[in-house]
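Please read the following explanation with the sequence and the structure side by side. It goes from the relation between the chains to the sheet, and then to a helix pair and some details of the backbone.

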Number of protein chains: 2
Amino acid sequence: MVYNKAVKLLSILGSTGSIGTQTLEVIQKYPNKFKVVGLTANSNIALLKKQIVQFKPKAVAMMDEKSANQLQKIVKIKVYSGLEGVIKVACLKETETVINSVVGSIGVEPTMAAIKAKKNIALANKETLVTAGDIVMKEVKKNKVVLMPIDSEHSAIFQCLNGENIKKVRRIIITASGGPFRNHTKRQMEKVQLKDALKHPTWSMGAKITIDSATFMNKGFEVIEAHHLYDMPYEKIDVVVHPQSIIHSLVEFEDRSVMAQLGNPNMKIPIQYALSCPDRLPTTIKILDLADITNLTFFKPNLELFPCLKYAIIAGKIGGTLPAVVNAANEIAVSYFLQDKIKFLDIAKTINKMMKSHKTIKNPTLKQVLKVDKEVKEETEKFIKSLNAN
Amino acid sequence: MVYNKAVKLLSILGSTGSIGTQTLEVIQKYPNKFKVVGLTANSNIALLKKQIVQFKPKAVAMMDEKSANQLQKIVKIKVYSGLEGVIKVACLKETETVINSVVGSIGVEPTMAAIKAKKNIALANKETLVTAGDIVMKEVKKNKVVLMPIDSEHSAIFQCLNGENIKKVRRIIITASGGPFRNHTKRQMEKVQLKDALKHPTWSMGAKITIDSATFMNKGFEVIEAHHLYDMPYEKIDVVVHPQSIIHSLVEFEDRSVMAQLGNPNMKIPIQYALSCPDRLPTTIKILDLADITNLTFFKPNLELFPCLKYAIIAGKIGGTLPAVVNAANEIAVSYFLQDKIKFLDIAKTINKMMKSHKTIKNPTLKQVLKVDKEVKEETEKFIKSLNAN
């Protein structure tokens with residue numbers, strides 16, 4: 001196939017999810033700028049088939065082997081399967097940029113493989129940097145590829161650093177919506193229901209990240225990601241709660257001047273910016289009207305009420321395999337909470353337990369990180385079962 | 001004299017004023033970065049003498065001839081006098097950058113002379129761009145010099161445009177503190193006293209600019225300046241009232257992403273940035289703590305209550321000599337108000353009268369602009385006397 005050189009060739013991992021489908025909407029709007037060559041999904045055959053018809057990729061993959069076999073029977077292009085298949089699609093010869101919007105630690109290996117294959121990365125998968133930040137950033141530098149964050153906070157920081165000298169940064173300030181329980185008392189927290197946790201006040205996102213936002217774990221992960229993305233010591237990263245989600249994050253410089261990126265909460269901005277940067281392309285997102293919003297508020301996060309934020313930062317500071325432990329324990333605990341099998345406060349309790357029983361490995365290899373991820377997930381399941389047995 | 005090439009050589013016009021003294025504080029802190037070669041003042045002999053002793057300029061000037069003669073008797077360096085003298089100091093051979101912090105239309109000619117002498121400009125004098133923006137920006141381009149704004153709003157916009165393509169700007173949003181009367185009723189406005197108008201809620205500035213802030217004329221001038229500085233049509237420039245003066249201005253891009261510059265209200269940031277840009281140097285200004293501020297508010301400016309903003313924008317859109325008329329009428333009206341000789345609302349009334357009786361000259365020369373400035377000032381004095389006679 002011959003492609004126009006002005007067009008950026010993309011593989012999207014997790015194309016049927018929330019970020020994946022929004023990425024495809026951006027691509028659809030700018031066919032002269034972006035072209036899909038690969039797509040991957042977990043098991044949503046119907047939607048992936050639709051995407052194949054519309055975007056005509058060269059190859060696709062499905063994590064679920066059975067789904068992959070079913071899909072191969074009804075489409076003409078190659079359908080790969082499993083993690084190996086996802087990696088194949090990430091590393092397609094034509095692919096220039098890989099958008100990794102897979103949810104969970106399963107997204108780590110495809111990112112690493114793509115970096116080694118000299119692909120630029122647009123990264124929505126939090127686990128890549130949370131669990132293996134040191135390893136991944138080392139490969140990014142070694143292979144001289146660009147790693148662009150796809151989330152509103154890190155995209156904001158990236159935009160604030162535009163044209164600036166990163167050595168002059170005094171502090172990165174990540175804003176947090178605070179989730180649905182930011183004004184709860186400890187007693188109210190004990191009675192939180194799944195349906196309440198799924199109601200995010202400002203952002204429409206996938207289920208896992210919505211729960212992570214309600215526990216503040218999401219914000220803890222973002223602190224770890226900022227540490228790796230901008231090579232910033234943890235002491236220089238702050239979190240401030242900003243319920244309106246209008247200021248997406250800020251950067252304070254040595255002269256005490258602070259740059260911020262603002263906008264109505266819409267993932268299209270960071271998705272499109274990750275693809276078009278340093279250029280900006282028109283969108284039809286609602287225009288920000290501060291006089292209409294009238295009020296932006298800010299307060300410090302409550303670490304007593306939301307210990308997950310504290311756990312993530314502690315894990316980040318200690319480093320090694322500990323962030324992978326927090327991530328693995330959280331991933332399992334949230335999946336049980338999403339099945340309504342544990343209470344909201346059990347998420348933090350479970351993570352704390354797993355952190356305490358882990359012996360951190362310093363400077364781990366990716367293999368060691370993935371082993372810890374697997375083992376902690378198993379231990380977490382056991383712990384949750386014992387919790388429920390009591 | 002032999003100067004270190006890493007040091008920026010500066011002439012400061014209006015060195016005894018609010019911006020001038022703060023500029024000298026910045027220079028004092030970074031003697032390895034900045035060096036004063038010229039200073040000018042109006043008539044404050046005592047302070048200028050002190051500055052000469054401390055900063056050892058090559059030459060100085062005083063607008064007031066008598067003051068100049070007096071100073072020459074007590075200092076060894078050359079003391080020039082009058083507007084011609086100020087221009088001489090602006091155009092000293094060694095001078096690389098001219099900081100123009102003169103107040104009033106008297107600042108226009110030195111800026112123009114300095115640009116023609118290929119000096120970079122750090123501009124705090126609003127009248128330069130308000131009265132002669134087209135002419136000045138043409139010379140800036142022709143002489144390939146840099147014109148950096150010294151005021152919090154335009155410095156903010158400049159910082160928001162860092163690393164960005166100005167063609168992708170959708171809108172410039174200038175914030176206004178709203179001054180001391182932003183919540184007044186029409187009836188309360190009628191009873192405003194000089195002492196009330198001099199109490200600015202967030203910024204500590206000179207008397208003239210404090211009154212201009214209370215009438216919103218300052219904001220009108222900033223719209224005209226933004227039009228010239230960023231070559232932006234008036235339709236793309238908005239004003240939003242933001243009483244806390246924390247967000248100093250914003251830039252909206254085509255992708256609906258909005259960049260903003262924030263900080264505690266302190267002129268040191270824009271002054272220093274104008275001198276150090278694109279570098280940033282540490283300051284000891286109070287750190288911005290949003291969780292401590294808790295609340296940022298915004299509302300639309302009330303053009304009925306503050307017609308000066310409307311007058312300035314109308315004058316900017318019509319262009320030619322009309323902005324110079326608004327500026328001249330305002331300069332005289334404010335000076336009378338500062339002497340407690342007219343009422344607060346008479347300022348807007350006077351400007352409106354002068355605008356209505358002016359026949360705009362399109363594409364004027366600088367000479368024509370300065371002639372209009374002089375004539376309108378005389379007419380304004382006459383009108384004010386007739387006002388007071390009634």
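In this predicted model, chain A can be laid on chain B with an RMSD of 0.0 Å by a turn of 180 degrees and a shift of 0.0 Å along the axis, where the copies are superposed by least squares on the C-alpha atoms of residues with pLDDT of at least 70 in both. That is the relation of a two-fold axis. The same surface serves both copies, since 100% of the contact residues of chain A recur in chain B, contact meaning heavy atoms within 4.5 Å. Among the residues of chain A, Gly163(A) comes closest to the rotation axis, with its C-alpha at 2.1 Å.

Residues are numbered from 1 along each chain as its sequence is written, while chains are lettered from A and ligands numbered from 1 in the order in which they are written. Because the model is predicted, local features need pLDDT of at least 70 and side-chain atom pairs count only at pLDDT 80 or more, whereas totals for chains, interfaces and linings use all residues; side-chain values use heavy atoms, with hydrogens and water left out.

Chain B holds an open sheet of seven strands with parallel pairing, in the order E4-E3-E2-E1-E5-E6-E7; helices (H or I, at least four residues) and strands (E, at least two) are DSSP runs numbered from the N terminus, and two strands pair if DSSP finds at least two bridges between them. Strand E4 (78-81) and E7 of chain B stand at the edges, each with a single partner strand, so one side of each is left without a neighbour in the sheet. From one strand to the next, the twist averages 20 degrees.

Within this sheet, strand E5 (residues 97-100) of chain B runs parallel to strand E6 (residues 120-123) of chain B, and four bridges join them, with Asn120(B) in E6(B) as the bridge partner of Thr97(B). The chain crosses from E5(B) to E6(B) through helix H5 (residues 108-116) of chain B, and this β-α-β crossover is right-handed, a term for a path from the first strand over the helix to the second that runs clockwise when the strands point away from the viewer. E6(B) also pairs in the parallel sense with strand E7 (residues 147-149) of chain B, over three bridges, and Ala122(B) stands opposite Met148(B) in E7(B).

In chain A, helix H10 (residues 207-215) and helix H11 (residues 217-229) pack at an angle of about 90 degrees, with their axes 5 Å apart. That makes H10(A) roughly perpendicular to H11(A), a label given to angles of 65 to 115 degrees. The contact is made by Ile209(A), Asp212(A), Ser213(A) and Thr215(A) of H10(A) together with Met217(A), Asn218(A) and Phe221(A) of H11(A).

Finally, the backbone has some details to look up. The peptide bond from Cys277(A) to Pro278(A) is cis, with omega near 5 degrees, and Pro278(A) lies in the loop between helix H12 (268-276) and helix H13 (290-293) of chain A. Asn363(A), although not a glycine, has a positive phi of about 45 degrees.

Methods. Axes fitted to C-alpha atoms, helices over the stretch in contact; angles between N-to-C directions. Parallel < 35°, antiparallel > 145°, perpendicular 65-115°, else oblique.
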